[in-house]
Amino acid sequence: MKKYWSVLKITFQEYFVYRLNFILWRFRSFVQLLVLYFLWSAVLPQGTVIFGYDQAKILTYILGTSIIRSFILASRSVDVAGEIGSGDLSNFLLRPISYLKYWFVKDIADKVLNLIFSTIEVSLIFILLRPPIIVQTNPAILFYTLIAIILGIVLYFYLSFLLSLIAFWTPENVWPPRFLAMVIIEFFAGSLFPLDILPAGIFNALRLLPFTYLLFFPLNIYLGKLTVGEIFPGLLISLFWIIVFYQLAKTLFKLGLRNYAAWGR
Amino acid sequence: MLASVKSLFRRQYQEVKAVDGVSFTIDEGELVGFIGPNGAGKTTTLKCLSGLLYPDSGIVSVLGFNPWQRKTEFQKQFALVMGQKNQLWWDLPAMETFILNKEIYEVPNEQFKKTLNELTRLLEVEEILKIQVRKLSLGQRMKCELIAALLHSPKVLFLDEPTIGLDVVMQKKMCDFIKEYNRRYKATIILTSHYMGDVKELCERVIIIDKGKIVFDGKLEEIVEKFAPQKILSVVFSKDFDLRKLEEIGEVEELDFPRAQILVSREASNAAAAELLHHFPVADLNIEEIPIEDVIRQIFSGKKIKSSEE
């Protein structure tokens, strides 16, 4: 386990080398959040209700997705495709370290840093703008939300890792499938609108797929729209998909290695 | 241009055998040179031995392990160093990669300190360990690469072009270091290089590979015997004479009076030398082997070489 702790440390060190880069990146997402906030509070004056969401709820949903998507729908494992294509993967294959765990640890480092900064940013918005947003205070609900977010992070990690493995078979065609997958994932994860405004039949089918558990599900828990009887099956379904993607990632990685040519050397 | 447009619609794939029927056994503590022209299959073979490539057929066994399975116990005992690319973290000082490798290979603290001290002293890099890797020169980086690969004291070492891009002084130091490592740790080393100099200095045994096949496997000196059926008579004459007569002795390779080089067959070299001494105004005479570089160049350039055994 100590080796992965070391990976965590060295990843932090690398971020500090690129501190300006990181701070600018955070500044960009901060501005984005502000723009989103001002846009939607102008579009939805107080008292409007759309799709059964009042202003506070829809604002919470939109700002909430924007914040948690920067944690969940963001994984450093996009770089895996590059490492396969360039042959840098060899460095890891030679050493007694698990490549999957290595990237997961790098993701943790990334998330810890982003969490610190985004807490500061959100606090700033609250102090300065006092937005009409739903603040969940029920500790049980907050706990379930946290669990759902963590599951979402793990789920997306494997999904993104899987998309990178395409590079084993066609290193020059990694981006088109990823773009396509991202459009689908974002849509069905509910980053554009709350998914429960869709017809019930479609919505129920979507609930069996992994994507809703990335954004829509944790936010819905946070908004207090789900009962415990609805939360648990949801957590189980996302756990099920994590296991599926984990097995897939492991199997495809093994298969891919047979195709790997350790290029570029 | 036309071909690349065509490849948009229909791509043709061709199966190429990178290595074919390459079989060899290396004993513990041996230092073997692996040479061949560009694209001969040297690196491919090393990649198979390291478990990076999955061999479509055949058996690979290193230290009793199948490298492809990438078992931890195996990986802790070997290292592959490639001259071209790095495992060092580009944006951090080399020391950070060393510490990471210490943890990855689970090297105990004491041993780590001892090995690191030894390696940095032998390679003379004490002062650059705290400098960002991107700021190091190629030679400095190469040395740090080597240290990163050796911190876990591997018993088996594959070196792919370890002296690439180094100046002559560094090249010599690197060679001395490899020799010392082989001696001190009784490590088994396979080395590929484009510089015959490296191989000549380091390796007793040489494997020559060309177009994916082994052409020669044996002692370095035997290459000349096997592939060069001729010897060189190197003569200096004392006075003028009818130079055309030299053709009777053998193939005149070079003639720059009073010096001449004559190629004669290996078996006839003594007789030819005696003939020269008797019938020509000879001031000095030497029987020499064809330089190994020339022999290997001939092998690489694909010239038909008559093996002396045939």
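**View 1. Chain B, with its helices and strands.** Chain B holds 11 helices and 10 strands; helices (H or I, at least four residues) and strands (E, at least two) are DSSP runs numbered from the N terminus. What you see here is a predicted model, in which local features need pLDDT of at least 70, side-chain atom pairs count only at pLDDT 80 or more, and totals for chains, interfaces and linings use all residues. Residues are numbered from 1 along each chain as its sequence is written, while chains are lettered from A and ligands numbered from 1 in the order in which they are written. The C-alpha trace of chain B spans about 75 × 55 × 45 Å along its principal axes. Buried residues make up 35% of its 310 residues; a residue is buried if 20 or more other C-beta atoms, placed from the backbone, lie within 10 Å of its own.

**View 2. Where chain A meets chain B.** Here 21 residues of chain A are in contact with 25 residues of chain B, contact being C-beta atoms, placed from the backbone, within 7 Å. On the chain A side, helix 1 (2–17), helix 5 (90–93) and helix 11 (228–259) each supply at least two residues. Helix 1 of chain A brings the largest share, 8 residues.

**View 3. Helix 3 of chain A.** Welcome to residues 55–72 of chain A, a helix of 18 residues that reaches 25 Å from its first C-alpha to its last. That is close to the 26 Å expected at 1.5 Å a residue, the expected span being 1.5 Å times one less than the number of residues. Because 13 of the 18 residues are buried, helix 3 of chain A is largely enclosed by the rest of the structure.

**View 4. The largest nonpolar core.** A nonpolar core is a set of buried Ala, Val, Leu, Ile, Met, Phe, Trp, Tyr and Cys residues joined through C-beta atoms within 7 Å. Of the 119 residues in the largest one, Ile72(A), Leu155(A), Leu214(A) and Ile147(B) touch the most other members. Helix 7 (residues 139–164) of chain A gives the most to this core, with 12 residues. Look around Ile147(B): leaving aside neighbours within four places in sequence, it is in contact with Phe98(B), Leu119(B), Thr120(B) and Leu123(B).

View 5. Strand 8 (residues 251–256) of chain B is hardly covered, with 0 buried residues among its 6. Strand 8 pairs with strand 9 (residues 259–265) of chain B in the antiparallel sense over 5 bridges; pairing takes at least two DSSP bridges. The two strands form a hairpin with 2 residues between them, and Val252(B) stands opposite Ile262(B) in strand 9.

Note on methods. Contact = placed C-beta atoms within 7 Å. Buried ≥ 20, exposed ≤ 12 C-beta atoms within 10 Å, placed from the backbone.
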